[in-house]
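User: I would like to go through some labels used for this protein and the grounds for each.

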Amino acid sequence: MQAELQEIARFLQEHPPFENLPEEALFQLAQHTEISYVRAGQEILNYGDPIQDLYMVRSGAVETYRRNGELYNRLDSGDVFGQMALLMNRRVRYPVKAIEDTLLYCLPADLFDQYCDEFDFFSDYFEAVGGDLLRRTNSKQADDNDLTTVKIKSLITREAVSITKDIDVPEIARIMSEERVSSILVTDPDKPIATDPNDDDGQVVGIITDRDLRVRVLAAGLPLSTQAGDIMSPDMVMIDDNAYVFEAMLLMLRQNVHHLPIVHRYKPIGVVALSDIVQHESQNSLLFVRSIFLQNSVDDLAKLSEQLPNIFVRMVNEDANSHMIGSAMAVIGRSFKQRLLELAEESLGPPPIPYCFLALGSMARDEQLIVTDQDNAIILDNSYDEALHGEYFYQLAKFVCDGLAACGYKYCDGGIMAKNPEWRLTLKQWQQQFSDWMENPSPKALLHSSIFFDLDGVHGKEKWADQLTGFIARKAKQSPKFLAYLARNSLNRTPPLGFFKGFVMEQDGRHNNSINLKRRGTAPLSDVIRVHSLAIGSRAQNSFERLDDIIRANLLPPGKGRDLSDALEYIAMVRIRHQALDIERGDEADNNIEPDNLSTFERRNLKEAFQVLDKAQAFLKFRYQSGRPVNVK
């Protein structure tokens, strides 16, 4: 073996976990290791960039940072970095910069994955370094969440278009028209970029916008032979590609410019218009909700709803957690319902009697995602008369349900919608219905309980929804037989784990060899949590808030409530990230993931989350035996 390879192998063997690798594996790693030299102050990894290597400091020192620029860690000889990115999604999570001249060993990701699969001590070491599996993974994401850290370079949709300063006006207009841009950069070949003397494009010396062509050429009566250098704006305002969106917006407003060249190491890589920033900010979920109430027709709402996938992806890319995303999407869904109800009342006239429109299921729990259907119902005033009022509320419910479908909220296959007369009841009838379900827990009653017991008022007499929630909480707590049946029913959806805790795949055609993370993960977790919540009389709707009440009631063994919370968060985020990736690829988002497409780290965490669910279901079966009173400590 060459002396250089022997030196690499020797150095690796002196540091964990490489010292425990078999000799053959160690030498294989040494053979494929590349050496990189970086100078002090040089950026090694930038946030969000793809990563293909595990890095080890041979000599020198580096610093890693959080997204907000805060120092995270300082590493020197023998330390490794990049493992979290390799274990998660192959994207840099912590930017790295050399603080002195540094020599790095670059260990290929393929061998890293192979050794994680082959050697438990190897994978355990890096997972321990990266975090304590579920809990630290979830807390790390929460720590990293900062919706103000979007970089301006993320708004660049194409490379900058440029011309030389001797191009005449007709050619400028032709190029701008063909390239479909509202601005164009002007370069001077005689002025090369100072940091890149061999650059053939020359240095950017100005910018021309469509407004310049109108004001400086047409309005001024200049001949068409006028060259770019004579009409450009020479005093350009530019910004570094690592600046944040809000910094770019402030700069444009302060300098009164509408086009801002983005530079990387002094070389323009794109141009962002003020309209790009306005569009980006319009995808903020809070501003989007405000826009919903400004729409004046179902067609307007349907057009606006086309932005919803982009809003969802933006929240995911900004590292919002599942509770934040679920709450935002639920608020948006409620807002569509509220505006549709306002439009319905404008069309049909004021309601003849008071009513309350209900959201059910995931929307009521603030756990709605991008793949969803509509579950809703109506509470009517006890004075309701079918002959006098029935047609009005049918038309109102149909208007809303059809409008929701136009906005992307699919009709419920099970008919759980307000346009179904079965789900338009008076307050007294709803209380009787809930009592009947709890006193006569047939399979159909249990199915309905799992949907209707998660309810929230979105329009009208919303206090009626609170009254129903209180009624359910009081009666369920005093109904051990019903809780036993509900607990047994919640065991019908089991986690996808085999006898040896390997994944059990779906075998149903289009989604063959995949796992449905809703049906086999988040839904059964919500079912387990709902049973415990009803047992203690909690009025909370959101699963995480229910868990807070359950933990305070000491209903579960120590630590098990927190385990359920961590498992729900992790499975939900895998599901959410999968849907966001589908949208970014232009595919239809769904709930099915293929474990082979996950990293070793993600598969390991997912198995642990499913094992938490498995144990929680076993405890549920033990706790709620038929007719056994539920004692809360």
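User: What makes Asp582 buried?
Analyst: Buried means under 20% relative accessible area, exposed over 50% and partly exposed in between, with a 1.4 Å probe and protein chains only. Asp582 has a relative accessible area of 4%, so Asp582 is buried. This is a predicted model, in which local features need pLDDT of at least 70 and side-chain atom pairs count only at pLDDT 80 or more, while totals for chains, interfaces and linings use all residues. Residues are numbered from 1 along each chain as its sequence is written, and side-chain values use heavy atoms, leaving out hydrogens and water.

User: Why is Arg585 called exposed?
Analyst: Its relative accessibility is 53%, so Arg585 counts as exposed.

User: What makes the contact of Arg585 and Asp582 a salt bridge?
Analyst: The term requires a side-chain nitrogen of Lys or Arg within 4 Å of a carboxyl oxygen of Asp or Glu. Arg585 and Asp582 meet at 2.7 Å, N to O, so the pair qualifies. Both lie in helix H23, three residues apart, which means about one helical turn separates them.

User: How do you know that Lys410 and Glu588 form a salt bridge?
Analyst: Their closest N and O atoms are 3.8 Å apart, so the pair meets the cut-off. The two residues are 178 residues apart in the chain. Lys410 is exposed at 51%, and Glu588 is exposed at 54%.

User: Why is Arg90 called partly exposed?
Analyst: Arg90 has 22% relative accessibility, so the label is partly exposed. Arg90 also forms a salt bridge with Asp113, with the closest N and O atoms 2.4 Å apart.

Definitions and conventions
Helices (H or I, at least four residues) and strands (E, at least two) are DSSP runs, numbered from the N terminus.
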